[in-house]
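Please open the model in your viewer and keep the sequence panel in view.

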Amino acid sequence: MASDDAFRKFLASNKQWHQDTSAAKPDLFPALAKGQAPPLLWLGCSDSRCPETTLCGGQPGDIFVHRNIANIISPHDLSIQSVIFYAINALKVQHIVVCGHTSCGGVAASLGNNKIGGTMDTWLMPLRELRAALQAKGTFDRKDDKEKALALMEANVQKGVDVVRKNAEVAAAMEEKGLKVHGCIYNVGTGELSEIDCGEPEEDFKQRLEHFKIG
C-alpha cells in the first residue's frame, strides 16, 4: 500500500510540476517535442541521490544520460557504448562527464569480501580489480575506510575516463571536433560537484590516437 501511495504522489507531483513549468516557461515543452540538442553526455551512477539534471541546475533537454551501479564503464558494455556513439554522432555533444559520488554502495561493497549475490558480484568485478591494483601500489597504506572509499571512487572515475577516451568515436571527436572528457565527483553530503584531475599528456594523447582511432 505504501509503495502505491508513493507512486500516486509522484503522479500528482508531475501534474503540479507540469503546470508550474508550463506557466514559467511556456516554450519549453513545445521546443522539446521537436528534438533534443544537449551539449553534454553524463555517465554516472544509478544512485537516487545523484540526479544529474537537478544537481547541475538544469532542465529537461540539457543532459543526455547513461547511469549504472557504481558508474562502471566497460568497453564491452554495448549499452554504454551505444549511448556514446549516439551522443557523438547524432546529438553532437561537446562534453562527456564521468561522475562518481561519495557514499557509493558499490564502492563500499567492493572494498569488502562479502558475497552480495545475483549478478552484483560479477558486475562489481572491475571495481574489485581496481581495489587490488591500488592495494598493490600502496595507495591504501595508512588510510582509514573513508579515505580508502574516496581513493577507490576517484580511481574508478579516472579509469572510466580512460576507457571513454579509448573509444574510437571519442578519440576521433576529440581530435577533429574538440570533444572534451571530464571526470567529476559529486559529494552526496554537501551537494557539491567537483572536477578531478584526469589530465592526459600530449604524448599519451598521440599514442591513444595511434592505437584506438579507426576509420
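**Salt bridges**

Select R49 and D47 to begin: these two residues form a salt bridge, with their closest N and O atoms 2.7 Å apart. (A salt bridge is a side-chain nitrogen of Lys or Arg within 4 Å of a carboxyl oxygen of Asp or Glu.) The model is a predicted one, in which local features need pLDDT of at least 70 and side-chain atom pairs count only at pLDDT 80 or more, while totals for chains, interfaces and linings use all residues. Residues are numbered from 1 along each chain as its sequence is written, and side-chain values use heavy atoms, with hydrogens and water left out.

R49 is partly exposed, at 37% relative accessible area, whereas D47 counts as buried at 16%. (Buried means under 20% relative accessible area, exposed over 50%, and partly exposed in between, with a 1.4 Å probe and protein chains only.)

Next, select R67 and E52, whose salt bridge has its closest N and O atoms 3.2 Å apart. R67 lies in strand 2 and E52 in helix 3 (residues 52-55), so the pair ties together parts that are 15 residues apart in sequence. (Helices, H or I of at least four residues, and strands, E of at least two, are DSSP runs numbered from the N terminus.) E52 is buried at 9% relative accessibility; R67 is partly exposed at 27%.

**Helix 4**

Move to residues 78-89, which make up helix 4. At its start, a side-chain oxygen of D77 reaches to within 3.0 Å of the backbone nitrogen of S79. Now colour I80, Q81, V83, I84, A87 and I88, the buried residues of helix 4. They lie on the same side of the helix because they cover an arc of only 155° around the axis, the arc being that of the directions from the helix axis to the C-beta atoms. Their cover includes strand 1, strand 2 (63-68), strand 3, helix 8 and helix 9.

**The nonpolar cores**

Select L41, L43, I96, V164, V170 and L179, the residues with the most contacts inside the largest nonpolar core, which has 41 residues. (Such a core is a set of buried Ala, Val, Leu, Ile, Met, Phe, Trp, Tyr and Cys residues joined through side-chain atoms within 4.5 Å.) Helix 8 gives the most to this core, with 8 residues. Apart from it lies another core, of 9 residues, including L40, L55, I63 and C184.

Finally, centre on A149 in helix 8. A149 touches V107 and L111, not counting residues up to four places away in sequence; contact means heavy atoms within 4.5 Å.

Conventions: A polar contact is a pair of N or O atoms within 3.5 Å; within protein, one must be able to donate a hydrogen and the other to accept it, and residues adjacent in sequence count only if both atoms are side-chain atoms.
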